[in-house]
Amino acid sequence: MKTFLRIVAGLIVLGLVAVAAIAFLPIRKTPPNDQLAANYEVPAGQGEYTMRLADCAACHTAEGGEPFAGGRAIESPFGTIWSTNITPDPDVGIGGYTLDEFRAVLNDGVRRDGTHLYPAMPYDNYRKLSEQDIRVLYGFFMNEVEPVASEGETTKLDFPFDQRWGIRVWDWAALSAPGFTPRYDDPVLDRGAYLVETLGHCGACHTPRNAIFAQAATTGEDATFLTGGAIGGWSAPDLRGPNSAPQTWSAEQLKAYLASGRNDRSAVTGEMSLVIAHSMQYASEDDLDAIVAYLRHIGGGGGDGTQPEPDADAEATTELLASADPAMELGPRLYLDNCNACHFTDGRGADGVFPELDGNSLVNASQTAGVIDVILNGSRLPSTQSRPADLAMPDFGHRLSDEEVAALATFVRSAWSNEAGAVTADDVARRRGNAGRPQDPRS
Amino acid sequence: MATTAKKKDVVIVGLGWTGSILGMELCEEGLEVLALERGPDRDTVPDFKYPDVADELKYAIRYGFMQRPRNSTLTIRRTLEETALPYRSLGSFLPGDGVGGAGVHWNGHTWRPMAEELRLRSYVEETFGAEIIPEEMTLQDWGVDYAELEPYFDRFEKVAGIAGQAGNINGEVVEGGNPFEAPRSGDFPMPPLPQTVDALMFAEAARAMGYHPFPRPAANASQAYTNPYGMQLGPCNFCGFCERFGCLNYSKSSPQTCVMAALKRKPNFEYKVNSEVLRVELARDGRTATGVTYVTAEGEEVFQPADLVILAAYQLHNVHLMLLSGIGQPYDPITGEGVMGKNYAYQMNGGTSLFFKDVEFNPFVGAGSNGMVIDDFAINQIDFAAEGFIGGSYISSGTTNGQPIRSMRLPPDTPGWGGDWKKATKEWYGHSMSIGSHGSNMAYRDTYLDLDPTYQDRFGRPLLRMTFNWKPNDIRMTQFMKSKIEPIAESMNPDIMASGYKADGAMYDVRPYQTTHNVGGAIMGTDPTSSALNRYLQSWDVHNVFVMGANAFPQNIQYNPTGVVGALAYWSAEAIRTQYLPNPRPLI
C-alpha cells in the first residue's frame with residue numbers, strides 16, 4: 001500500500017514538474033534565418049503579392065467583412081476556431097507587434113502575450129518562411145493595411161482543447177525543423193517547393209494528418225506529403241499519385257486551374273475556391289510555372305492532359321443515359337433530369353465551363369461530403385482576372401430528397417469509369433443544413 | 001428636394017447590352033463610371049437557375065422578366081386623329097427591365113444589316129429613282145456605312161459569341177453561308193448550331209427551288225467559348241426555354257454571360273439597381289448636360305452630376321427621357337419639322353404554318369436561334385420599282401420551343417377550347433412547323449413618338465405617346481413574301497397549310513405579340529434638321545449626351561436589330577474614346 005501511495009505521489013510530483021516546465025520554461029522562439037540590413041525596405045507591391053501567395057485573406061477576412069479583420073469561422077474536428085484581427089489596430093489587431101513578435105507568430109505559433117495559437121494557423125508551414133518574406137509581410141500588415149478596431153468572435157473550444165498550454169506539448173511533438181533548404185539545384189523547382197511547402201502552405205489541407213493531428217510531412221522529400229487530406233468533411237485530393245491532377249493533366253491545364261479555378265477538365269469547388277479567389281489568381285506566370293513544375297516533379301513527372309478514350313463501362317453509362325428509357329433506375333433518371341443539361345450523357349461537360357464528372361476527384365473522393373454538398377448547395381466559381389465569369393451550378397437540395405441525392409450521388413460515383421462507393425440517405429441527411437464554411441468566393 | 005451625389009465622370013442610364021458595353025469601354029479609359037438600372041439585379045444563378053426558370057406560366061405568360069405597365073408604359077394610337085390610350089397590358093412588344101434588359105430574354109438572332117440598308121434612301125434613288133419613294137415615307141440614310149461599321153460588327157459578334165456560317169468573307173462567297181450578305185472580315189466566332197428537322201425540311205425544299213439556305217446566326221453557343229473579355233459560354237442544349245426566359249445554361253449571349261462579371265471587377269465601375277432616371281439635367285444654356293436625376297428604391301430623388309451622360313435604356317425610354325429633358329426639338333408630324341420622336345418604325349412579319357400527320361417534330365427540342373434562312377428576297381435582291389414597294393425580308397424556319405400554353409399550333413378553324421380543341425391538340429401537337437417572313441418596316445410622316453397630352457406616369461411625368469400604323473408599302477412587301485413562301489410550303493406537301501400575313505386595310509393591333517423590335521424616334525443621320533443624333537450617336541444639341549440603341553435606326557432593317565445595336569455601341573464608344581474625351585465638343 002505504501003509503495004502504491006509512493007508511486008502515486010511520485011507521479012503527481014512528476015506531473016506537477018511537467019506542468020511547471022510547460023508553464024514556466026521560457027518559450028524558445030525561432031531566430032531569424034537570415035540577416036537583412038536594418039534599413040531593408042520592402043519593394044513596392046511585394047508586400048501585397050507575398051500576402052496573396054501566403055493566402056492570409058482566405059482565413060483572416062470574413063465573408064463581406066473588412067480586410068484582415070478576422071471573424072471567419074474555421075471548422076476543425078475540435079470545434080469552431082475563429083480567425084483573428086490581423087490589421088495594425090494596436091488594441092485588437094497586431095499594431096503593437098515588433099518584428100520579432102510577428103516572426104514568432106509565423107514560425108512558432110506564439111502570440112505576443114505568449115499564448116499558443118491553434119494550429120489552424122499553418123505555422124508548421126510558415127516556420128520555413130524566409131526572413132525576407134517575414135519582413136515583407138510585416139511591412140505589409142503594418143503599413144499597407146487599414147486598422148480595424150472590431151474584435152470578432154473569440155474561439156472557445158471544449159475541454160481539454162481550450163487549454164492552450166497543451167499546444168506547447170503538441171508543438172514539441174508535431175513541428176518540423178524551421179527554415180527552408182533548397183534541394184533541387186534548380187531554381188524553378190526550389191521556388192516551386194518553397195511556394196507549395198511554405199508560403200502557400202498547400203500541405204495544410206493536402207497532406208494527411210497523423211495520430212496527433214499534425215501534418216504527416218512538410219516537404220516533398222517525404223512520400224506522404226500532398227497525398228491527400230480532409231477538410232470540413234471534404235477530401236482534399238491527392239496531388240502526387242498516378243491518378244492525381246498533376247500526374248494526369250498537362251502543365252497548361254494545371255496552370256489554368258490554379259490561375260482561374262477552371263480548365264478543360266475540371267472546376268474548383270469548396271475551400272480551394274477561396275485559395276483561387278484570394279491567392280492563386282494573383283500569382284505571377286513564373287511562380288505558377290514553378291508551382292506546376294514542382295507538383296509534377298514530386299509525383300514522378302506529370303501528365304500530358306490526354307483524355308483516356310471511354311472504356312466499355314463509360315460507353316455503357318453514356319448509352320444508358322442516351323436511351324432516355326423511362327424504366328431506368330432512379331440514379332440515372334435523376335442525372336438526366338438534373339445534371340445532363342450541362343455535364344452531358346458522356347459526363348464530360350464542356351471545356352472550361354462545365355466540369356467533367358467522369359474521373360472527377362470530387363465525385364470520386366473517399367470523403368463523400370464534397371459531392372453531397374455540391375449537389376445540395378450548388379457551387380460558384382471565383383471571378384478571376386483571366387476568367388471573370390463566376391459561373392455557378394445551382395443548388396438541388398430544395399428539390400431532391402435525401403434518398404434522391406443519395407441515389408444520384410451513388411450513380412455519378414459509379415458512372416462511366418468512376419468506381420467510388422455508394423452514398424446513403426443518412427450521409428446526405430448529415431450534410432443537410434450544413435453548408436460548412438460559406439462558399440461564395442465573390443466576397 | 002433632390003440630394004446631390006458625388007460627381008462621376010460618366011453616368012450610364014440602363015444596364016443592358018449597350019450600357020454594359022459602354023461601361024467596359026469607358027472604364028478602360030480610367031473614367032469613374034456609374035450605371036443606373038431601374039429594374040432589379042439579375043444573375044444566372046439564382047435568377048435563371050435550373051430548373052426554376054423553365055416555367056412557361058411565370059415567365060412567358062405572366063412576363064416575369066418584363067417591365068410592369070403600372071411602373072412604366074406608353075400610350076398608343078394608330079392615326080393622328082385617334083386619341084392614344086395607355087398600353088396597360090403587355091402584348092405587341094415586351095420591353096425588359098433589370099440588369100441585362102431585353103438582352104436577358106431575347107432569342108439571340110444576331111444579324112448584320114445589308115450594306116444597302118444603311119444608305120437606303122441613296123440606294124433607292126441611285127438604283128430606282130427618287131420618284132418611287134412614296135410621298136409620306138420619310139426614308140433616310142444612316143450617316144454611317146457598312147464598311148465603317150464592319151470592325152464593330154466583328155467586335156460585337158466576338159464579345160457576344162455568335163454561332164453561324166459566313167457567306168461572304170472579304171468578297172469571297174463561302175458555300176453554305178448567305179451569299180447575299182455584305183462582306184465580313186472573318187468567320188463567325190463559332191460554327192453554326194445543329195438544326196432541327198423543320199429547318200432541314202425547309203432548307204431542302206428551298207434548295208430544290210434554287211434558293212440559298214444557310215443557318216441563322218445565333219447568340220446561342222454551339223460549343224464552349226471564351227470571349228475577348230474572358231467571359232464564357234457553354235454549349236446550348238436546346239432546352240426550349242429561350243425567348244422570354246433567362247438562360248439557365250450560360251449558353252445564350254447576354255450582358256450577364258458576356259460582360260457583367262468582367263465589368264464588376266473594374267474598380268472604377270459602380271452600378272445601382274432599382275434606380276429610375278427621371279430626366280437628364282441640362283446646363284442653363286441647354287448645350288451640355290450636368291448629370292441626371294433619379295429616384296432610388298426608397299423613393300428619394302438624387303441628382304447625379306456627371307461629365308458624360310450615356311442613354312442606354314430601351315429605345316422607347318431613351319426617346320422618352322430626351323423628350324422629357326428638352327434635348328432636341330420635338331418632331332411635328334404636320335410640318336415635318338423637329339427631330340425628337342421622328343421616324344418610329346416596327347417590323348413587318350408574317351408566316352405560313354404547315355401540318356404533317358406523319359412527321360414528329362419534337363418541338364420541345366428547340367433553341368432560340370435555331371433555324372435555316374434564305375435571303376433570296378432580301379432588300380438587295382428585289383426590284384422595288386417592279387414590285388411596287390421598298391423593303392425586303394428574310395424567310396426562315398426553325399423551332400424555338402414546344403411550350404404547351406403559347407406554342408400549341410393548331411389547324412385553322414379549330415375551336416379555342418372544349419372537346420374539339422382537345423382532340424386537335426392531341427392530333428397535332430408536335431406535327432407542325434412554320435415558315436416565317438421577318439421583314440423591314442419603313443418610317444412615315446405620321447409614325448412617330450411624342451409626349452402624351454393626357455396620361456402621366458407614377459412620377460407625374462407625361463407618358464410617351466406612340467403613333468403607328470401599317471402602311472400600304474409594307475403590306476405589299478409582306479404580301480410579296482407570302483407569294484414566295486407559299487410555293488415553298490406547297491412543295492413540301494403538308495396535310496394542311498395556313499397563312500397569316502397583313503393584308504390591305506390591316507390596322508396595328510397591340511394585343512397579340514408581334515416583336516420587340518421597336519426602332520427610331522431618336523435617329524442618327526448627317527443633318528441636325530432631320531436627325532436627333534449625329535453619326536456617332538451624339539446628340540446634335542447636347543454634345544455630352546450619347547444615345548445608344550435601336551432608337552437610332554432611321555427606319556427598320558429587315559433583320560433583328562441587336563447585331564446593329566451592338567455594333568453601333570462599339571462604334572460610338574470608339575468615337576468617345578478617341579475623339580470626344582481628348583476634346584469634348586460636338587464631333588461634327
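Predicted model: local features only at pLDDT ≥ 70, side-chain atom pairs only at ≥ 80, totals over all residues.

**Backbone and interfaces**

A: Leu226(A) counts as buried, at 0% relative accessibility; the term buried means under 20% relative accessible area, exposed means over 50%, and partly exposed lies in between (1.4 Å probe, protein chains only). Residues are numbered from 1 along each chain as its sequence is written, with chains lettered from A and ligands numbered from 1 in the order in which they are written.

Q: Which residue has a positive phi of about 60° although it is not a glycine?

A: Most residues other than glycine have a negative phi. Leu226(A), although not a glycine, has a positive phi of about 60°. Leu226(A) sits in the loop between helix H9 (203-206) and strand S3 (229-231) of chain A; helices (H or I, at least four residues) and strands (E, at least two) are DSSP runs, numbered from the N terminus. Trp416(A), also not a glycine, has a positive phi of about 50°. Its loop runs between helix H18 (402-414) and helix H19 (425-431) of chain A, and Trp416(A) counts as buried at 2% relative accessibility.

Q: Where is a peptide bond cis, with omega near 10°?

A: Most peptide bonds are trans. The bond from Phe159(A) to Pro160(A) is cis, with omega near 10°. Pro160(A) belongs to the loop between helix H6 (131-143) and helix H7 (165-174) of chain A. In chain B, Tyr50(B) and Pro51(B) are joined by a cis bond with omega about -5°, and Pro51(B) lies in the loop between helix H2 (44-47) and helix H3 (56-61).

Q: How many residues of domain 2 of chain A are in contact with domain 3 of chain A?

A: Contact means heavy atoms within 4.5 Å, and domain bounds come from an automatic or database domain assignment. For chain A that assignment gives domain 1 (2-174), domain 2 (187-298) and domain 3 (312-431). Here 22 residues of domain 2 are in contact with 26 residues of domain 3. The two bury about 1,800 Å², of which carbon and sulfur atoms give 53%; buried area is the accessible area (1.4 Å probe) that two parts lose on being put together, summed over both. Trp234(A), Arg262(A) and Gln281(A) supply 33% of the area that domain 2 buries against domain 3, more than any other three residues.

Q: Which side chains meet in a salt bridge of 3.0 Å, N to O?

A: A salt bridge is a side-chain nitrogen of Lys or Arg within 4 Å of a carboxyl oxygen of Asp or Glu. Arg265(A) and Glu356(A) form one through their side chains (3.0 Å, N to O). The count between domain 2 and domain 3 of chain A is one salt bridge.

Q: What area is buried between chain B and chain A?

A: About 1,900 Å² is buried between chain B and chain A, with 56% given by carbon and sulfur atoms. On the side of chain B, Tyr50(B), Gln232(B) and Arg265(B) lose the most area to chain A, together 33% of what that side buries. In contact are 21 residues of chain B and 29 residues of chain A. Two salt bridges are found across this interface. The side chains of Arg380(A) and Asp43(B) meet in a salt bridge (3.4 Å, N to O).

How values were computed. Heavy atoms only, no water.
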